[in-house]
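Work through the exercises below with the structure open. Each task is followed by a solution in steps.

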Amino acid sequence: MLNRRRFLGHSCALGVAGTTVATTLGQLALTREATAQQSGYRALVCILLAGGNDSYNMLVPTGTSQHDAYSAIRSDLALPRNELIGLPGAAANGETYGVHPGMPELATLFTNGEAAMIANVGTLLEAVDAAAIEAGTARVPVGLFSHADQINQWQTAAPADRIADGWGGRIADRLQSVNAANGISMNISLSGTNVFQSGLNSTEYSIGATGNGVVGINGYGDTDEFGQFRTESIDALLAIDQSSLLRREYRQRLRASIDAQSVFAGALAQATDLATTFTTSPFSQALRQIARVISVRDVLGATRQTFFVTVGGWDHHDEVINNQAMMLPAISQGLGEFRDALVELGVFTDVTTFTTSDFGRTLTSNGRGSDHGWGGHHIVMGGAVNGGEIYGDYPLLATNSPLDVGRGIYIPTTAVDEYFAELALWFGVGTNDIDYVLPNLRAFYTPGTPPPLGFMSNR
Amino acid sequence: MTTPQSALHRCCRPMLVTLAAAALTACGGGGESSAPPVTTPPPPTLTRQAMVDASRLAAQATFGLTYEDIESLARRGREAWLTAQFALPASLHRPLIDDFLARRAAGEFDDFEEDIEFLIYFRRLAWWHTTITADDVLRQRVAFALSQIFVVSDNVDTLLIYPHALSEYYDLLQRHAFGNFRDLLRDVTLSPAMGIYLSHVNNRRSNPAANTFPDENYAREVMQLFSIGLFELNIDGSVQTDAGGLPLPAYSNEDIREFAKIFTGLSFGGPNASFGSIEPFFTAPMRMFDAAHEPGEKRLLNGAIVPAGQTGDEDIEAAIDNLFNHPNVGPFIGKQLIQRLVTSNPSPAYVERVARAFNGEGGTPRGDMQAVLRAVLLDAEATAAPGSISDFGKLREPVVRYTALLRHFNVESDDGFIANLGFTLQSLTRQHPLSAPSVFNFYLPSHSPPGDIAAAGLVAPEFQILNSNTVVNFANILDFVLFTEFVTEAPEPFVSARINLDDYIAIADDVDELLERLDIVMTYGTLQASTRNAIRAAIEPVDDNNLRVRAAIYLIGVSSDYAVRL
């Protein structure tokens, strides 16, 4: 019979249950052999700057006349020209640009050809101009300028609709089977459930940034009397069929989590002890954990993975200058550290990291900050990136710019679909699947032709 | 700042030491069960149906009731209970906050504030003690629901640091929970916490010379989230579409710019108020400074005009009226209240009945919250037999699962104060009152999990925070509460609470009677036979009645039958 002391005594082990994983790992090794025919490992790391990063202050003109125009439009939000960190070379428009003074690591990555910038990207249904928008004849994304819609569309790549499945999730719908069948999604999130990694048949596997990333049910799988009691009774509960869809979903999630936990924790226990150091910022710690997961990709039987991490707090209607001065350095630092860790692991060419955000912001000021905009600039980093270039078209800034739809909101000159297609094609999404993954792509790009922007090398 | 994780580890260390003692004290075998309350004359016996009906209303409308409270509700009946709840005074947080501040000033917390200032604890301590102990149980639950519509959060430093910032905001929600929606909308608009959260405090009139314009943040969200939503709605909550089948927007970006002008000129109130002051003042509404308010005419929705020359306060009243009288408000707010309290997927007819109550068709004023809540909680759909309407029900959210565990089982503490910080709960489940990651709350009302639920065209908002990590974490919270000393997260010198299971231990010899009582209290009779049999088989061999009760609660708490209420 169970006694109370055993019942209570287990509970201090908050984190990982002492589970035997040898059997599962053995099965894994077998599965892995079957998938070894696939091409080498590749991963996409999606960084979501939630709230709408004011990226016209992340990538800024450094030429005198363009910086003057920038200053005139941005007024109290303008960064002084002499504080910007200049990037080598010129953009396609002949102008020169620099990054925010708090982002020296990004400047170095760019200069070394390990990162590129994508200028003025945004959600579009089709190419539009300001006149058509003024006249109300343009077809534009639903809920333009609204957080809920725009943060969603940057993940769904379906700007005409409000859908819940994202392009990373749809990739998993098609490619999950290249990984070992161990209950761990190819889509791993450091920020919980998200749209990007939700497919029609796929959900993310959520992990934490600390320890081995996952916890099990306390005591489940323990071999003592109470552990056995707990394991058997929970297994019995979760074996019960449910007629309610919601109850079925809860049961399925709990069961799947329990099953995957031992595999995942067992794999992470073998993670490389990285020599690269990471700062304590939550973003850096999330990237550190991603690097650790990548280091055990073979143990996990993963040939394709996406990772997702959200950094919130970019909705700077006020204090945009001070807040960005605090927050952009953490992004830059994290990217530099992550690059070093990936180089250490020998996978920098296999991992491409990219930023997303709800939207850019108004170039004009509200006296303290900026409001919701449209096009914005983004970062792509990795050994397979043709770095050191600004891709897309950085608009020439002017108070009467033909792209300005009011308050210095610039119509995107590159669609998110083109940006994402370049990444998806590199990742291995075939032309058969690309329309499923990016349903609006054909408005801007014909699959089968050279990649839309050219920022990824074909290797 | 102490992280929730380290708080957990802190709690764990002393626990090892105290386990043996706890086993001795808590293991009394039911010998000290409290005497039943004396009532004269003895009330008539309640039917099981009356008990499960009452318990279901409690699950929808409260943070959890004890068996005795459920009996009392059952004796009153639904409508009389609602009426009585409407009449109870609000259990405001202000007195607790002021008491904490006085005790802090007197040095009571000096020895404990080395690592972290208690100022960030106070509003959390006030919320938990009030929520767990207050008698105005309906008001507390409705205020929490409102806090997930009118979202502010301590993820903004100013709202974290000042103890009155969020406690005053919650008091505002409490005060208006049974009042009129228009007053609620106006006072939320003027709340300094909201002014900080959506940046309309110190929002200045446009300045063409400097190329600056009013901040559009509040103007957008007050429409999108707090009143009318993105699209023109029919009274049953369905979206109106144009000839091409596209949804009709309820407002344009131009409308947002006009409303942004309305919300200029507000700054903090209080004795030394001046426009532009950055020193927050939370115990009074924001104040209008007309010199900073956008002059001139402004266009509102549906063709309404605010004439030039009005004061800023008059402009705001006009804008609030304009939004409040928009036909969208009833279905938009009504449906969300249904989702928060009753079910994720109400039928259009249910939404329409609530919207009509909002619109005052029953003879009450437009926006009367008591009429709306009656409509939400007494609707035939809300009270129909569980399981009789397909797809009815919702995933219980983590905060409510946790509070119910404490409130069902007679939570108590040595000093009578139920101290909890909630950092652990927040870290493990991604939910804590007034701590949402953004103005879009912990989950969206439209969240539809991929798979069968999405394929069926259903939504299940709470699943947005139930992932492979959090689903297990909540099971472990049950584990702490039932099998460890970690019932609440109390910073010294506060003491952790405990639950009192004496009444259950007293009947635990009879496994069926025990499960029957737990089924009534926790799952209002919806524990399906297979689940009950599995739990019965598991706990019957446990011969220590204290353990048997705890194991039973744990297993019910983990089960799908409990996690999703029908």
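**Exercise 1.** Which residues of β10(A) lie on one side and which on the other, and are they buried or exposed?

*Solution.* The model is a predicted one. Begin with the strand as a unit: β10 of chain A spans residues 376-381, and six of its six residues are buried. Next, separate the two faces. One side carries Gly376(A), His378(A) and Val380(A), and the other carries His377(A), Ile379(A) and Met381(A).

**Exercise 2.** Determine which strands stand at the edges of the open sheet of three strands in chain A.

*Solution.* Write down the strand order: β2-β4-β3, with antiparallel pairing. β2 (59-61) and β3 (85-86) of chain A each have a single partner strand, so one side of each lacks a neighbour in the sheet, and these two stand at the edges. As a check on one pair, β3(A) and β4(A), residues 97-99, run antiparallel and are joined by two bridges. Gly86(A) stands opposite Gly98(A) in β4(A).

**Exercise 3.** Describe how α10(B) and α14(B) pack.

*Solution.* Two packed helices are described by the angle between their axes and the distance between the axes. For α10(B), residues 181-189, and α14(B), residues 312-324, the angle is about 135 degrees and the axes are 10 Å apart. That makes α10(B) oblique to α14(B). The crossing of the two helices is right-handed. Now list the contact residues: α10(B) supplies Phe181(B), Arg182(B), Leu185(B), Arg186(B) and Thr189(B), while α14(B) supplies Ile316(B), Ile320(B), Leu323(B) and Phe324(B). By class, the residues of this contact are six nonpolar, one polar and two charged.

**Exercise 4.** Characterise the side of chain A that touches chain B.

*Solution.* Start from the totals: 74 residues of chain A and 74 residues of chain B take part in the contact. Elements of chain A giving two or more residues are α1 (4-9), α6 (147-156), β7 (205-206), α8 (225-238) and α9 (245-268). The largest share, 14 residues, comes from α9(A). Finally, the residues on this side of chain A divide into 29 nonpolar, 33 polar and 12 charged.

Terms used. Residues are numbered from 1 along each chain as its sequence is written. Chains are lettered from A and ligands numbered from 1 in the order in which they are written. This is a predicted model: local features need pLDDT of at least 70, side-chain atom pairs count only at pLDDT 80 or more; totals for chains, interfaces and linings use all residues. Axes are lines fitted to C-alpha atoms, for helices over the stretch in contact, and angles run from 0 to 180 degrees between N-to-C directions. Helices (H or I, at least four residues) and strands (E, at least two) are DSSP runs, numbered from the N terminus. Angles under 35 degrees count as roughly parallel, over 145 as roughly antiparallel, 65 to 115 as roughly perpendicular and the rest as oblique. A crossing is left-handed if the near helix is turned anticlockwise from the far one by less than a right angle, and right-handed if clockwise. Two residues are in contact if their C-beta atoms, placed from the backbone, lie within 7 Å. Ala, Val, Leu, Ile, Met, Phe, Trp, Tyr, Cys and Pro count as nonpolar, Asp, Glu, Lys and Arg as charged, and the others, Gly among them, as polar. A residue is buried if 20 or more other C-beta atoms lie within 10 Å of its own, exposed if 12 or fewer, and partly exposed in between; C-beta atoms are placed from the backbone. Two strands pair if DSSP finds at least two bridges between them.
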